[in-house]
Amino acid sequence: MPADFPFDVVAFDLDGTLADTAPDLTAALNHALGVLGRPPVPAEDVRHMVGHGARALLQKGLAATGEMTEALVEQGFPIFIDYYLEHIADGTTIFPGLEAVLDQLAARGVKLAVCTNKAEGLARRCIDALGWANRFDALVGGDTLPVRKPDPAPLFEAIARCGGGRAAYVGDSITDTDTGRNANIPTVAVSFGFSDRPVGELDAAALIDQFDELIPTLERLGEAGDWLACSICGSARFVARQKRGYVQCDGCGSNERARLLWMTLEKHGLLVPGKRVLHIAPERAFAERLHAIWGDGYEPVDIDPALYDFAPNIRKIDLVEDAARLPSDRYDAIIHSHVMEHIPCNITAILYHLNRSLKPGGKQVCCIPIIRDGHSAEDLGPLSAEDATMRFGQDDHVRTFGGADIQRTLGMIFRLPESYDLTVAFDEATLIRNNIPRINWRGWSPNSVLVLQKEDLLLTA
Ligand SMILES: [Zn+2]
């Protein structure tokens, strides 16, 4: 490793990261579209179509201007490629400040790689045309391996071709940040690229607005030790969970809100022996771990215990019937996540009785799914599974909580923060390291974890 730098290899995405290739991609696309009798696509739109290779760009261009068929793609693809190869860097520009940064990194002994979904041949031609024939130690394109980004293999290959070692990645799109998370390699997102969503929403390790911020940013990231690590089990590997990206821990199976619950329990000093805790609908990711800490003090419950055979000594509680029978002043904590939207009765009564069941100073550590800008709604039925799904998002939900009116619902039962901001309780490096997606940091969301302390109850004299 370079003596004074924390990374052996820095790999870069190409389009939108190293160079603004949009002018030439736009020209080539519009040339191909023109031959096919289509109108041109504005350059601004093309920027957001880049990132999945030339064929995908042509498909998107066709779709934006009429019918998209495979036959048209087959016909247009060679027209696009021929034109693009001839004009690959006519209008392409290198982003400001980049040359100096590449010089400094190279001077410090850092190996430089390009890892792009652009076909290797096109990427090579582009790099050469920009005067970078000898600039990079490795180039891996979208067709170099049988798989492409966000599969981590191309990034691993680029790093291996540089001789291996500790690596960082620099990109501009969700494909890049997903690749980084999938590879567990810290990824810096640039804000001036082609991303069609705000880069602040990407799960990058850091964001930069210009290249002269890159080296200090990498130096700071390098101090953090390992990149991602599950707060519960320590695993560094995460896998995709539906459309939410790489949020599921491959070790314990936790999702982002389970990790956040765990982090919150830890932050509030609850992960120590001697606590009595009610855990409703226990999380598979940590039920056994909690039992190991609290022993007989750990009371997992659910309305359908058969679903939770992994939870030691699980017993049945039907909150509609049983909440009023919970003993008073018994628990140090009550944990529930995505439970309150299921309970078919007055939810204020349930939350009141859970609160009553806490010892003084006790806390509900909970995740209540809140639709960011949505409104609360409820229907205690009868409700068909179809209606429930349509209105409340799942066939066994009876209500939604909305961020727009949360202060007039939950906020009239408990003292709530004015707005949700995870960065008040956790520093950004911790949130990043534990793979809590940025989208959940600020503003109410289905992954908002709340701490409702006994004394936060407003329903008192
Ligand atoms: Zn884990």
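Six strands form an open sheet in the order 5-4-1-6-7-8, with parallel pairing; two strands count as paired if DSSP finds at least two bridges between them. Strand 5 (138-140) and strand 8 (206-208) stand at the edges with a single partner strand each, so one side of each has no neighbour in the sheet. From one strand to the next, the twist averages 25°. The structure is a predicted model, in which local features need pLDDT of at least 70 and side-chain atom pairs count only at pLDDT 80 or more, while totals for chains, interfaces and linings use all residues. Residues are numbered from 1 along each chain as its sequence is written.

- Helices (H or I, at least four residues) and strands (E, at least two) are DSSP runs, numbered from the N terminus.
- Strand 7 (residues 187-190) pairs with strand 8 in the parallel sense over three bridges, and Val188 stands opposite Ala206 in strand 8.
- Helix 8 (residues 174-183) packs on the sheet, where it touches strand 6 (167-171) and strand 7. The direction of helix 8 makes about 165° with that of strand 6.
- Helix 9 (residues 214-222) also packs on the sheet, touching strand 1 (9-12), strand 6, strand 7 and strand 8. The direction of helix 9 makes about 170° with that of strand 8.
- For these angles, axes are lines fitted to C-alpha atoms, for helices over the stretch in contact, and angles run from 0 to 180 degrees between N-to-C directions.
- Two residues are in contact if their C-beta atoms, placed from the backbone, lie within 7 Å.

**The nonpolar core**

- The largest nonpolar core has 120 residues, of which Val10, Ala11, Ala113, Val114 and Val188 touch the most other members.
- Such a core is a set of buried Ala, Val, Leu, Ile, Met, Phe, Trp, Tyr and Cys residues joined through C-beta atoms within 7 Å.
- Val114 touches Phe12, Leu14, Leu18, Ala123, Ile127, Phe136 and Leu139, leaving aside residues up to four places away in sequence.
- In soluble globular proteins, nonpolar side chains tend to be buried together.

**Domains**

- The domain assignment of the protein chain gives domain 1 (9-17 + 92-222), domain 2 (22-86) and domain 3 (255-456).
- The centres of domain 1 and domain 3, taken over C-alpha atoms, are separated by 40 Å.
- Five residues from domain 1 and five residues from domain 3 take part in the contact.
- The side of domain 1 that touches domain 3 has one nonpolar, one polar and three charged residues. Here Ala, Val, Leu, Ile, Met, Phe, Trp, Tyr, Cys and Pro count as nonpolar, Asp, Glu, Lys and Arg as charged, and the others, Gly among them, as polar.

- An open sheet of three strands has the order 16-18-17 and mixed pairing.
- Strand 16 (370-371) and strand 17 (377-378) are at the edges, each with a single partner strand, so one side of each is left without a neighbour in the sheet.
- Strand 16 pairs with strand 18 (residues 399-402) in the parallel sense over two bridges, and Ile370 stands opposite Phe401 in strand 18.

**The chain as a whole**

- The protein chain has 15 helices and 19 strands.
- Of its 461 residues, 43% count as buried: a residue is buried if 20 or more other C-beta atoms lie within 10 Å of its own, exposed if 12 or fewer, and partly exposed in between.

How values were computed:
Domains from an automatic or database assignment.
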